[in-house]
Amino acid sequence: MSIDQTPLTGQERLAELDLDQLRQLVGLVEHDGDGDPFPVIGWDAVVWAVGNATQAAHLYQAVWGMELVAYSGPETGNRDHHAYVLRSGAVRFVLTGAVDPASPVADHHRRHGDGIVDIALEVPDVDRCVAHARAQGATVLVEPHDETDAHGTVRSAAIATYGETRHTLVDRSRYTGPYLPGFVARGGVTAGPRLFQALDHVVGNVELGHMDEWVGFYNRVMGFTNMAEFVGEDIATEYSALMSKVVASGDHRVKFPLNEPAIGRKRSQIDEYLEFYGGPGAQHLALATTDILATVDALRERGVEFLSTPESYYSDPQLRARIGHVRVPIEELAARGILVDRDEDGYLLQIFTKPLGDRPTVFFEIIERHGSLGFGAGNFQALFEAIEREQERRGNF
Ligand SMILES: [Fe+2]
């Protein structure tokens with residue numbers, strides 16, 4: 001199958017994204033899907049369990065510019081929890097919060113804080129995927145089944161992944177409703193300009209020594225292939241103290257970097273996540289935009305806090321040599337703390353938010369790709385070296 005025959009997800013069509021745009025936004029590549037044991041069309045939804053979905057839904061509209069499109073709750077016969085469905089471009093978030101104190105959503109929130117319970121994928125054939133997953137040893141949490149309402153039928157199932165995270169597999173080819181049976185269409189406050197268009201990758205943090213096990217899981221169960229190992233061991237142990245490998249669906253639409261802590265000089269950020277999340281879970285979502293400067297400016301104006309980048313990262317003469325020509329002057333990037341990385345295919349601009357909730361766990365990355373299919377590996381090294389050169393200047397190295 002050539003890239004031009006790659007199907008679009010319902011969300012992508014709704015967002016009026018085409019394959020060319022997706023190629024730039026998320027690094028879509030050509031892929032012959034005929035032999036896939038576990039064919040995946042793309043992302044379906046990221047489902048969150050949060051402490052207060054009603055307020056979170058407001059926040060994601062007012063700050064993140066998302067549009068409220070569907071709802072389920074006591075008024076629609078769901079007495080267990082609220083669920084608000086929001087979208088921005090092809091990205092769909094479902095925010096769930098317990099109404100009933102005995103709700104499983106409340107249990108999940110008690111254990112993990114605000115976090116991602118489900119990374120749902122749209123697939124053309126739920127039964128085929130589940131049969132393959134089961135044969136490869138995956139845990140099937142929900143057997144394939146139909147749900148129907150006036151808008152048609154959705155077939156879905158769910159398999160377990162790391163921690164208490166799951167992948168619901170959804171075939172919505174026979175469904176025209178706003179999300180799933182049981183949900184009603186619902187609008188909200190008028191969103192401003194769209195701040196992000198597509199989901200690029202979702203990173204999972206797993207325990208020390210388990211990264212390769214989960215890489216193997218995605219290889220076997222989903223037929224995902226390995227992308228570059230993006231953190232060299234020396235850098236990982238010295239500065240960022242993590243090890244990471246990336247698996248991706250055939251056309252790279254769905255990409256899952258998997259991190260495990262590495263033994264470093266300091267306690268690693270992955271260890272901190274595992275402690276406060278209470279085990280493995282989704283660490284960050286990378287949201288793709290075509291204008292990271294405008295997105296970051298809008299978010300900052302609305303109070304979103306980003307990680308700061310040392311001044312030395314930008315003043316370092318080696319930065320210019322490393323990144324070559326990019327679409328904006330480095331001063332524009334420096335003013336916003338945006339990082340740059342380049343590989344043989346092109347470059348990318350990226351920035352990370354601080355943790356989104358009360359626990360130091362899940363956060364967002366904003367990413368603008370220009371041909372690069374990477375994840376910012378060079379930035380680990382560049383930040384590390386920039387800091388060391390500063391240390392050296394102070395005579396402390
Ligand atoms: Fe990332």
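Predicted model: local features only at pLDDT ≥ 70, side-chain atom pairs only at ≥ 80, totals over all residues.
Let me begin with the overall division of the chain. Where they touch, domain 1 contributes 36 residues to the contact, and domain 2 contributes 38 residues. On the side of domain 1 that touches domain 2, the elements giving two or more residues are the helices α2 (19–26) and α4 (104–112), together with the strands β1 (42–49) and β5 (115–122). Sorted by class, that side of domain 1 holds 20 nonpolar residues, 13 polar ones and three charged ones.

Now I would like to turn to a sheet. As a reminder, the strands of a sheet pair through backbone hydrogen bonds, and they may do so either parallel or antiparallel. Here we have an open sheet of eight strands with mixed pairing, and if you follow it across, the order is β11-β12-β13-β10-β14-β17-β16-β15. At the edges are β11 (225–226) and β15 (339–343), each of which pairs on one side only. Within this sheet, strand β12, residues 242–248, runs antiparallel to strand β13, residues 255–261, and seven bridges join the two.

Helix α8, residues 269–277, lies across β10 (198–205), β12, β13 and β14 (281–288), and its direction is at about 95° to β13. Helix α9, residues 292–301, also packs on the sheet, where it touches β16 (346–352) and β17 (363–370), making an angle of about 155° with the direction of β17.

Finally, the backbone angles. Most residues other than glycine have a negative phi. Glu-16, however, has a positive phi, near 55°, and its place is in the loop between α1 (10–14) and α2. His-252 likewise has a positive phi, near 70°, and this residue is found in the loop between β12 and β13.

Which of these is buried or exposed? Glu-16 is exposed, because 10 other C-beta atoms lie within 10 Å, whereas His-252 counts as buried, because it has 22 C-beta neighbours inside 10 Å.

Terms used. Residues numbered from 1 in each chain as written. Pairing = 2+ DSSP bridges. Helix = DSSP H or I, 4+ residues; strand = E, 2+ residues; numbered from the N terminus. Contact = placed C-beta atoms within 7 Å. Axes fitted to C-alpha atoms, helices over the stretch in contact; angles between N-to-C directions. Nonpolar A, V, L, I, M, F, W, Y, C, P; charged D, E, K, R; others polar. Buried ≥ 20, exposed ≤ 12 C-beta atoms within 10 Å, placed from the backbone.
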